[in-house]
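I opened my notebook to get to know a new structure.

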Amino acid sequence: MLVLLAGIFVVHIATVIMLFVSTIANVWVVSDFERASVGLWKNCTAGNCNEGLVYAHEDALKAVQAFMILSIIFSVISLMVFVFQLFTMEKGNRFFLSGATMLVCWLCILVGASIYTHHYADGNRTMYTKSHHGYSFILTWICFCFSFIIGILYLVLRKK
């Protein structure tokens with residue numbers, strides 16, 4: 001049981017780190033022709049990330065930014081609640097609060113990544129008609145899977 005809890009804790013920390021990286025890094029869509037990429041915050045061309053996004057005023061992008069930040073917040077809160085419950089909860093109880101908070105994180109990732117996929121992933125609005133998904137976009141979907149698995153495991157596990 002201790003090994004399982006330690007494993008979940010490590011995966012949870014990895015998920016938090018990957019959420020930070022995917023939200024901060026400007027590599028959601030990468031151009032196939034030039035050294036350029038687009039993220040949630042900036043447009044990077046030839047290693048220079050000083051350009052703002054042309055579509056920065058759009059509500060869809062602001063919603064993606066907000067949901068990704070919320071997912072980070074809920075993931076960190078869930079981690080802190082898990083550690084708190086680990087040391088204060090009586091034996092035999094389940095980690096309901098940690099699991100519920102992590103599933104809210106999962107929902108925020110789902111909404112943010114889905115909005116981005118619908119509006120920007122095809123490359124038409126990002127000015128790169130020939131493009132592919134960057135590592136930030138892929139990390140976001142990996143975090144989506146991890147947060148769901150962690151949330152369900154928290155709901156199922158009992159403290160022994």
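Below are my entries, from the overall layout down to single residues.

**Entry 1: ground rules.** I am looking at a predicted model, in which local features need pLDDT of at least 70 and side-chain atom pairs count only at pLDDT 80 or more, while totals for chains, interfaces and linings use all residues. I number residues from 1 along each chain as its sequence is written, and side-chain values use heavy atoms, with hydrogens and water left out.

**Entry 2: the layout.** I counted four helices and five strands in the protein chain. Both are DSSP runs numbered from the N terminus: helices are H or I with at least four residues, strands are E with at least two. Starting at the N terminus, I read the order α-β-β-β-β-α-α-β-α. Along the principal axes, the C-alpha atoms fill a box of roughly 55 × 30 × 20 Å. I also looked up burial: of the 160 residues, 43% are buried. Here buried means under 20% relative accessible area, exposed means over 50%, and partly exposed is in between (1.4 Å probe, protein chains only).

**Entry 3: the sheet.** In what order do the five strands form their open sheet? I found S4-S3-S2-S1-S5, with antiparallel pairing. S4 and strand S5 (131-133) stand at the edges with a single partner strand each, so one side of each has no neighbour in the sheet. On average, neighbouring strands are turned by 25 degrees against each other, direction ignored; the axes behind this are lines fitted to C-alpha atoms, for helices over the stretch in contact, and angles run from 0 to 180 degrees between N-to-C directions. Two strands count as paired if DSSP finds at least two bridges between them.

I then checked two of the pairs. Strand S1 (residues 29-31) and strand S2 (residues 36-38) are antiparallel over two bridges, and Val30 stands opposite Ser37 in S2. S3 and S4 are also antiparallel over two bridges, with Glu51 in S4 as the bridge partner of Asn43. S3 and S4 make a hairpin with two residues between them, and Ala46 in the turn has a positive phi of about 55 degrees.

**Entry 4: Gly47.** Is Gly47 buried or exposed? I found Gly47 in the loop between strand S3 (43-45) and strand S4 (48-51). Gly47 counts as exposed because its relative accessible area is 60%. From Gly47 to Asn93 I noted 46 residues in sequence and 51 Å in space, C-alpha to C-alpha.

**Entry 5: the core.** The largest nonpolar core has 31 residues, and those touching the most other members are Leu19, Leu40, Tyr55, Phe95, Tyr116 and Tyr154. Helix H1 (2-24), helix H2 (59-88), helix H3 (96-119) and helix H4 (135-156) each supply at least two residues of this core. Such a core is a set of buried Ala, Val, Leu, Ile, Met, Phe, Trp, Tyr and Cys residues joined through side-chain atoms within 4.5 Å.

**Entry 6: the surface patch.** I also found a nonpolar patch on the surface, with about 680 Å² of accessible area together; Val11, Phe146 and Val156 are among its residues. H4 gives the most to this patch, with eight residues. Patch residues have over 30% relative accessible area and no salt bridge; nonpolar side chains (Val, Leu, Ile, Met, Phe, Trp, Tyr) are joined within 5 Å. A salt bridge is a side-chain nitrogen of Lys or Arg within 4 Å of a carboxyl oxygen of Asp or Glu.

Val156 lies in helix H4 and is exposed, at 51% relative accessible area. Phe146, also in helix H4, is partly exposed, at 32%. The C-alpha atoms of Phe146 and His12 are separated by 7.8 Å, though 134 residues apart along the chain.

Conventions:
Patch = residues over 30% accessible without salt bridge, like charges linked within 9 Å, V, L, I, M, F, W, Y side chains within 5 Å. Areas by Shrake-Rupley, 256 points an atom, 1.4 Å probe, with all protein chains shown as cover.
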